[in-house]
Amino acid sequence: MHAEHLNPSEAARRLGVSSKALRLYEQRGLLKPLRTEAGWRVYGPDQMARAAEIAALRRLGLSLAQVGRVLKGDASGLEAALADHQSALEVQARSLAAAVDQVAALRRGLTEGRTPALAELARLGRPSGVLSCALDLPWPWGGERFEVWDLPALTYLTGPLGSGKTRLARALAQALPGGRFAPMERMLDTARLEADPALKARVDAAAERLVADGAEASEALTTLLCELEDASTTPLVIDMVEQGLSEATQEALVAQLRRRGPAARPLILMTRSNAVLDLAAVGPDEAILYCPANHSPPIRVAAHPGAPGYEALASCLAPPEVRARTEGMVAIRPPAA
């Protein structure tokens, strides 16, 4: 193998994505690795350049279908993605400017002999999120105290079967001010749509954008959009957001949710699909909560290899076709002997 040809693991490390992401790019026809005489995948300079382009477009919030069109020279859909990205950057700029003003005010206070309070200093060192709460964890954790601070507008909640993630999701919805839980058994409320023309218009517009991005229209998608397009601004926790959605629909949906920006309605999406929680595409304005299989307290996991909990997190995610095989399965606690 030539020195400039990298194996999938090293290529993924240099690109800042996962090996699974590279395989997904290949499956979707976006990237074609070279092969050794033994048939192993390798990535040369051209393949690395193309993979870097794909990763960059994904970080802009484009779905894989949109990425494919852009790589072919079709710029349709780019305007909306760039507009959303600009809006997100403007929000970040305003937040950064406010932080600069706070630091300047504290420095002026020091020159005038005023010592800043510890709480003021602590706030400067914390990321600017939108969700914070504290709660006593339900079974199977046995009432341990759990605190989450500065969750962004898009948070994923995941874990293996039986880890307690549904119980945590319900507890978070109750603990967050105004929070609401959307269960997995969602049914389309046609009467509500008929009674609320504004909601129906938003749902229809969102569905049209998603279908243009490669999603498949379905009752499950419409039902989910009724939850997402509700006029409420309070936190929404959605159980198994991928329920009833095809892989292409999941990818298009998450790409659209990423483009909402950090000031959007706070969402916590419970999922075990790697089409929803694509670790290679998670941006700085997203967070992941993970429920370990051994019922240790939930943890926040950074989306990069080597981070505490990353490997366990990655192992519980699966492609939609694998997830479909476990649909309806419920982990139960065996009775005590």
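Predicted model: local features only at pLDDT ≥ 70, side-chain atom pairs only at ≥ 80, totals over all residues.
**A walk from the surface to the core**

At 41% relative accessibility, Glu53 counts as partly exposed. The side chain of Glu53 meets that of Arg50 in a salt bridge, 3.2 Å from N to O. Arg50 is partly exposed too, with a relative accessible area of 32%.

Lys200 forms a salt bridge with Asp204, and their closest N and O atoms are 2.9 Å apart. Here the spacing is four residues, which again means a separation of about one helical turn. Lys200 is partly exposed at 39% relative accessible area, and Asp204 counts as partly exposed at 38%.

Those pairs are among the 15 salt bridges that the structure holds. Side chains of opposite charge can pair when their charged atoms come close. Glu10, Arg13 and Arg14 go beyond a simple pair: they are linked in a network of salt bridges.

Now for a bridge that reaches across the sequence. Arg28 and Glu251 meet through their side chains in a salt bridge, at 2.4 Å from N to O. Arg28 belongs to the loop between helix 2 (19-27) and strand 1 (34-35), while Glu251 is in helix 11, so this pair ties together parts that lie 223 residues apart in sequence. What about burial? Arg28 is partly exposed, with 32% relative accessible area, whereas Glu251 counts as buried, at 4% relative accessibility.

Stay on helix 11 and you come to Leu257. Is Leu257 buried or exposed? With a relative accessible area of 8%, Leu257 is buried, because the cut-off for that label is under 20%. Setting aside neighbours within four places in sequence, Leu257 is in contact with Leu154, Leu228, Leu267 and Leu269. Its C-alpha atom is separated by 12 Å from that of Pro152, a residue 105 places away along the chain.

From there, turn to the largest nonpolar core, which has 37 residues. Those with the most contacts inside it include Tyr156, Leu228, Leu269 and Leu277. Strands 5, 7, 8 and 9 are among the elements giving two or more residues to this core, along with helices 9, 10, 11 and 12. Which helix gives the most? That's helix 10, with five residues. Leu277 is worth a click as well: beyond residues up to four places away in sequence, Leu277 touches Tyr156, Thr158, Thr271, Val282, Ile288, Leu313 and Leu317.

Six strands form an open sheet in the order 6-7-8-5-9-10, with mixed pairing. Strand 6 (180-182) and strand 10 (299-300) stand at the edges with a single partner strand each, so one side of each has no neighbour in the sheet. Strands 5 and 8 run parallel and are joined by four bridges.

Helix 7 (residues 165-175) lies across strands 5, 6, 7, 8 and 9, running at about 145 degrees to strand 6. Helix 10 packs on the sheet as well, touching strands 6, 7 and 8, and its direction makes about 160 degrees with that of strand 7.

Definitions and conventions:
Residues numbered from 1 in each chain as written. Heavy atoms only, no water. Core = buried A, V, L, I, M, F, W, Y, C linked by side-chain atoms within 4.5 Å. Buried < 20%, exposed > 50% of the residue type's maximum accessible area, 1.4 Å probe, protein only. Contact = heavy atoms within 4.5 Å. Pairing = 2+ DSSP bridges. Axes fitted to C-alpha atoms, helices over the stretch in contact; angles between N-to-C directions. Salt bridge = Lys/Arg side-chain N within 4 Å of Asp/Glu carboxyl O.
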